[in-house]
Amino acid sequence: MKTSVEQLQKEWSTGKFSPLYLFYGQDDFQIDLACEALVRKAVEPGSEDFNFDQLYGNESDGAGIVNIATSYPMMAARRVVLVKNLHQLPAAGLEMIANYVKSPLQSTCLILTAAKIDARRSVWQQLIQSCSAAEFKPLYDNQVPEWLQRRVSQSGLTISAEAIRLLQGLTGSSLRQLDSEIEKIRINLGESREIGVADVERVVGSSRQFSVFELCDAVGQGKISAGLAILHHMLTQGEQPTGILAMLARHFLILAKLHSMRSRRLPEEGLAKALKIQPFFLKNYAAQAAAFSGVQLSAALGHLLEADAQLKSSYQKPALVLELLLLKLRYVL
């Protein structure tokens with residue numbers, strides 16, 4: 001029957017395992033994480049060579065899967081059999097699996113995964129009814145920050161809300177890609193246990209910042225044609241529109257803060273620390289901030305906020321939203 005991965009994880013933590021699992025849906029990364037967690041808990045340490053089998057639907061047949069599933073474990077409480085991409089198994093093989101799940105071997109933990117199922121077909125109905133089944137749908141953009149928070153905490157780290165927004169903006173909402181970037185940041189974090197904006201900029205944004213600086217420079221100098229050309233190049237190179245906007249917004253927010261801090265006469269190191277930026281970039285920011293008034297920067301931030309809302313809710317193409325943003329920034333700066 002259908003359940004949730006959260007409920008299943010509670011059961012696994014107490015040593016309770018079902019003989020049948022079905023993980024299905026379009027989010028293959030979350031399915032992989034669930035499988036890894038289950039296998040790690042269900043397979044007795046040291047018995048992996050004897051009691052764990054991983055098969056693939058496009059490389060197996062129903063008879064072979066059932067034969068392995070009906071084999072008893074060797075010197076362990078259970079055998080774990082993971083079958084990935086069950087939807088690629090031929091129809092005859094699916095029928096054999098459906099027959100097996102009606103009376104499964106209790107000492108086997110059979111884990112089935114599928115990217116897509118046809119719930120109208122009796123074979124899939126049988127599998128959902130007989131297995132502990134969990135569906136994994138892609139997360140909406142507004143659900144990703146909470147997932148990121150949990151994922152980072154599982155590594156024993158913390159991450160600021162601003163760093164989460166920047167990371168998602170630069171990387172997009174692919175959980176697999178986000179997880180890869182988190183791992184890169186963790187490796188480069190040193191002894192610190194907190195991920196901040198500077199860490200995301202250094203590890204994730206370093207390859208993107210130069211283009212963003214070029215883009216900001218072109219807009220600030222009134223070179224709209226150059227700015228549009230840079231924007232087009234970034235988009236064709238696969239840069240995420242939300243990432244471009246996130247870096248632009250952060251750039252102009254720093255300029256606004258820097259503009260308002262001029263009277264404080266802080267040393268460069270103090271300014272960089274207060275703005276949470278690398279000292280290397282301070283002169284570039286300072287030169288641009290000096291060219292704008294507070295009114296101009298406030299108007300620019302308003303246009304950036306408007307573009308953010310349009311990217312999230314508008315039917316306009318992201319490229320068009322960003323092009324119109326550059327035109328608007330040109331006329332206020």
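Leu-324 counts as partly exposed because its relative accessibility is 33%, and partly exposed covers values between the under 20% of buried residues and the over 50% of exposed ones. Leu-324 is part of helix α17, residues 318–332. The model is predicted, and the points below are computed from it.

**Surface patch**

- Leu-324 contributes to a nonpolar surface patch together with Leu-320, Leu-327 and Tyr-331.
- The area of this patch is about 400 Å².

**Aromatic pairs**

- Four aromatic pairs turn up when the whole structure is searched.
- One of them joins Tyr-21 and Phe-23, with 6.0 Å from centre to centre and 45 degrees between the planes, a tilted arrangement.
- Tyr-21 has a relative accessible area of 0% and is therefore buried.
- Phe-23 is likewise buried, with a relative accessible area of 0%.
- Phe-23 also pairs with Phe-136: the ring centres are 5.8 Å apart and the planes stand at 85 degrees, so this pair is edge-to-face.
- Phe-23 sits in strand β1 (residues 20–24), while Phe-136 sits in the loop between β5 (132–135) and α7 (144–154), so their pair ties together parts 113 residues apart in sequence.
- Phe-136 is buried because its relative accessible area is 6%, and the cut-off for buried is under 20%.
- Trp-12 joins Tyr-21, Phe-23 and Phe-136 in a cluster linked by ring pairs.

**Nonpolar cores**

- In soluble globular proteins, nonpolar side chains tend to be buried together.
- The largest nonpolar core here has 60 residues, and the members that touch the most others are Val-200 and Phe-252.
- Helix α13 (residues 241–260) supplies the largest share of this core, namely eight residues.
- Which residues does Phe-252 contact, leaving aside neighbours within four places in sequence? The contacts are Cys-216, Leu-297, Ala-300, Leu-301, Leu-304, Leu-329 and Leu-333.

Definitions and conventions. Residues numbered from 1 in each chain as written. Predicted model: local features only at pLDDT ≥ 70, side-chain atom pairs only at ≥ 80, totals over all residues. Heavy atoms only, no water. Core = buried A, V, L, I, M, F, W, Y, C linked by side-chain atoms within 4.5 Å. Buried < 20%, exposed > 50% of the residue type's maximum accessible area, 1.4 Å probe, protein only. Helix = DSSP H or I, 4+ residues; strand = E, 2+ residues; numbered from the N terminus. Contact = heavy atoms within 4.5 Å. Phe/Tyr/Trp six-rings, centres within 6.5 Å; stacked < 30°, edge-to-face > 60°. Patch = residues over 30% accessible without salt bridge, like charges linked within 9 Å, V, L, I, M, F, W, Y side chains within 5 Å. Areas by Shrake-Rupley, 256 points an atom, 1.4 Å probe, with all protein chains shown as cover. Salt bridge = Lys/Arg side-chain N within 4 Å of Asp/Glu carboxyl O.
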